[in-house]
Amino acid sequence: MKKMKKIVVAALTAVIAFGVLTGCGSDDSEKRIVRIGHVQASDHPTNIGLLKFEEFIEERLGDKYEIEVYPSELLGSQVDMVQLTQTGAIDFCVASNAILETFSKNYEIFNLPYLFTSVDAYHDVMNDTSITDQLFKTTEKAGFEAVTWFDAGTRNFYTVNTPINSPADLKGLKIRVQQSPTNVEMMRLLGGSATPMSFGDVYTALQSNIIDGAENNELALTSNGHGEVCKYYSYDMHQMVPDILIGNYDFLNSLSEEEREIFEEGFKLTTEVANGEWEKAVEEAKDKAENEQGVTFIYPEVEPFAEICAPLHETVLNNNPDIQPIYDAIQVYNAKYADEE
């Protein structure tokens, strides 16, 4: 299987590279085609934001660059696309935090449960380049650089049969988590049994009772059909983990100073548009889940969950002191919104 994946990536690289060299896909061979790939559907907030980026760049630099956005894994899986971005076969892709953690351990900070005490603090941190640059600029040797972020909402527990009103309700339940040591330890602390698996396998695992539940944002209920099986969605709000747009390092550094400034404006715009669309998409997902799929939304007291997970912060920080300054900067924003409340 691994050998086959390598063949697929190599084939994609060859085909896309040929397009770059020959100017395929453009009526103007003088234009540089800029390819962006991601795994979400065409109506997802991420794609809507990237289409706005395409429009903006072509309005400002359309004589030189043509932007092509490829949704729905058209350029391969996230892992495939990260590899293609590394080599320069494509120019940008949207990657999950879990994948980026394999290139820079500092990204593990976003896996900490209850890292952010509010959505406002989370957004302010992600928009503060003095903080994000400590992560975004750490993958130069891997051949790419993070350029902006997309809101992926809050991650919460949802289950087939058991409503989660308190941490005690998780005891003994098999919960699918992302493949991260931090997530596995979080479930151990909460009394559940962590079951890492590919996201694409979750629906079948829920349906066949291999697992009792999972954790993700509301769109997983509707876009991925999990609400057809899971009838309880509990807002414990244990994580806020962004998706990250990464760009090929050589391409980014080939831009002139003026061009890079325009691209930076575009990155900011795509995040603003996508995050605005995210809020609408969540409301639509909740309405559909509740009224069409019969999902019950639960709002437990968050503090008991946070208290149980608190020791994990110290463990991760002790194992990776490099993220302490980032962690401390995040606490400043947490305190700011706590004071305002």
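**A walk through the fold**

Among contacts in the chain between residues at least 6 apart in sequence, 74% join residues at least 24 apart. Keep that figure in mind while looking around this predicted model. The chain contains 13 helices and 11 strands.

Now for the overall dimensions. For 341 residues, a compact globule would have a radius of gyration near 20 Å, and the chain comes in at 21 Å, which agrees. Along the principal axes, the C-alpha atoms fill a box of roughly 60 × 45 × 40 Å. Of the 341 residues, 54% count as buried. The chain exposes about 15,500 Å², with carbon and sulfur atoms supplying 49% of that area. As for charge, there are 25 positive and 56 negative side chains, and the centres of the two sets lie 7 Å apart.

Next, the aromatic rings. The structure holds 18 aromatic pairs. Take phenylalanine 92 and phenylalanine 251: their ring centres are 5.8 Å apart and their planes meet at 85°, so the pair is edge-to-face. The cut-off behind that label is a plane angle over 60 degrees. Phenylalanine 92 lies in strand S3 (residues 92-96) and phenylalanine 251 in helix H10 (residues 249-254), so this pair ties together parts that are 159 residues apart in sequence. Phenylalanine 92 is buried, with a relative accessible area of 0%, and phenylalanine 251 also counts as buried, at 5%.

For another geometry, look at phenylalanine 110 and phenylalanine 116, an aromatic pair that is stacked, at 6.4 Å centre to centre with 25° between the planes. Both phenylalanine 110 and phenylalanine 116 are buried. Going back to phenylalanine 92 and phenylalanine 251, you'll find them in a cluster linked by ring pairs, together with Phe53, Tyr65, Phe263 and Phe267.

Two asparagines are worth a stop. Asparagine 106 sits in the loop between helix H4 (97-100) and helix H5 (119-126). Buried or exposed, at 12% relative accessibility? Asparagine 106 counts as buried, because the cut-off is under 20%. Leaving out residues up to four places away in sequence, asparagine 106 touches Gln134, Leu135, Thr138, Asn320, Asp322 and Ile323.

Asparagine 275 belongs to helix H11 (residues 257-291) and is buried, with a relative accessible area of 10%. Which residues does asparagine 275 contact, once its neighbours within four places in sequence are set aside? They are Trp149, Phe150 and Asp151.

Last, the backbone torsions. Most residues other than glycine have a negative phi. Tyrosine 114 is in the loop between H4 and H5, and at 13% relative accessibility it counts as buried. Methionine 237 also has a positive phi, near 55°, and is likewise a residue other than glycine. Methionine 237 is in strand S9 (residues 232-240), where its 29% relative accessibility makes it partly exposed.

Note on methods:
Residues are numbered from 1 along each chain as its sequence is written. This is a predicted model: local features need pLDDT of at least 70, side-chain atom pairs count only at pLDDT 80 or more; totals for chains, interfaces and linings use all residues. Side-chain values use heavy atoms; hydrogens and water are left out. Helices (H or I, at least four residues) and strands (E, at least two) are DSSP runs, numbered from the N terminus. The radius of gyration is taken over C-alpha atoms; the globule rule is 2.2 Å times the number of residues to the power 0.38. Buried means under 20% relative accessible area, exposed over 50%, partly exposed in between (1.4 Å probe, protein chains only). Contact means heavy atoms within 4.5 Å. Accessible areas come from the Shrake-Rupley method with a 1.4 Å probe; for residues, only the protein chains shown count as cover. Lys and Arg count as positive and Asp and Glu as negative; His and the chain ends are not counted. The place of a charge is taken as NZ of Lys, CZ of Arg, CG of Asp or CD of Glu. Rings of Phe, Tyr and Trp (its six-membered ring) pair if their centres lie within 6.5 Å; planes under 30 degrees apart count as stacked, over 60 as edge-to-face and the rest as tilted.
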